[in-house]
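Hi,

Here is the structure I promised to pass on.

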Amino acid sequence: QVQLVESGGGLVQAGGSLRLSCAASGRTFSLYAMGWFRQAPGKERDFVGWISPTGGVKGYADSVKGRFTISRDNAKNTVDLQMNSLKPADTAVYYCAAAPTYTGTYRLPRAYTYWGQGTQVTVSS
């Protein structure tokens, strides 16, 4: 069992920045691909970005590409999401997720086994 805990959410004005962090338990963090997803009220959970176990490969949703950056520190068992140039459309609960096994479908929620509790990000206009 892997536990994931997100932090860093909050209220920010449009154009501002936030940095989300996800802390993971266990000794196998470096073997997991990690993803960030978000969910707005009444909407499905959408892919934001993912990063490979060693950090060498990253992928982003078109809606955040160029604005968000995912990174990881395997020595600290953490993965971060730096969010710049935030828009009201970015308002959502953001979730960290871990995928112990490679699937080639890291843009889909079903690729991930473990999920954090989520952290609220609200961007005001």
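The structure holds three salt bridges, where a salt bridge is a side-chain nitrogen of Lys or Arg within 4 Å of a carboxyl oxygen of Asp or Glu. Before I go through them, some housekeeping. This is a predicted model, so local features need pLDDT of at least 70 and side-chain atom pairs count only at pLDDT 80 or more, while totals for chains, interfaces and linings use all residues. Residues are numbered from 1 along each chain as its sequence is written, and side-chain values use heavy atoms, with hydrogens and water left out.

Side chains of opposite charge can pair when their charged atoms come close. Take R19 and D80: their closest N and O atoms are 3.1 Å apart. R19 belongs to strand β3 (residues 18-24) and D80 to strand β8, so this pair ties together parts that are 61 residues apart in sequence. Strands here are DSSP runs of E with at least two residues, numbered from the N terminus. R19 counts as partly exposed because its relative accessibility is 41%, whereas D80, at 14%, counts as buried. For those labels, buried means under 20% relative accessible area, exposed means over 50%, and partly exposed is in between (1.4 Å probe, protein chains only).

Next, R38 forms a salt bridge with D90, with 2.8 Å between the closest N and O atoms. This pair links distant parts of the chain, as R38 is in strand β4 (residues 33-39) and D90 is in the loop between β8 and β9 (92-99), 52 residues apart. R38 has 11% relative accessibility and so counts as buried; D90 is buried too, at 1%.

D90 also meets R67 in a salt bridge, at 2.8 Å from N to O. R67 lies in the loop between β6 and β7 and D90 in the loop between β8 and β9, so the pair ties together parts that are 23 residues apart in sequence. Both D90 and R67 are buried. Put together, R38, R67 and D90 are linked in a network of salt bridges.

What about E6? You'll find E6 in strand β1 (residues 4-7). E6 is buried yet has no salt bridge, and the nearest side chain of opposite charge, R45, is 7.6 Å away. (On charge, Lys and Arg count as positive and Asp and Glu as negative; His and the chain ends are not counted.) Instead, look at the backbone: the E6 side chain reaches the backbone nitrogen of C96 at 2.7 Å, and one of its polar atoms lies 2.9 Å from the backbone nitrogen of G118. Leaving aside neighbours within four places in sequence, E6 is in contact (heavy atoms within 4.5 Å) with residues including S21, W36 and Y94.

The sheet, and one lysine

An open sheet of four strands runs in the order β1-β3-β8-β7, with antiparallel pairing. Its edge strands are β1 and β7 (68-73), each pairing on one side only. β7 and β8 (residues 78-83) pair in the antiparallel sense over six bridges, and two strands pair if DSSP finds at least two bridges between them. In β8, L81 is the bridge partner of I70.

Finally, K65 lies in the loop between β6 (58-60) and β7. K65 counts as exposed because its relative accessibility is 57%.

Cheers

Key: Polar contact = N/O pair within 3.5 Å; in protein donor to acceptor, adjacent residues only side chain to side chain.
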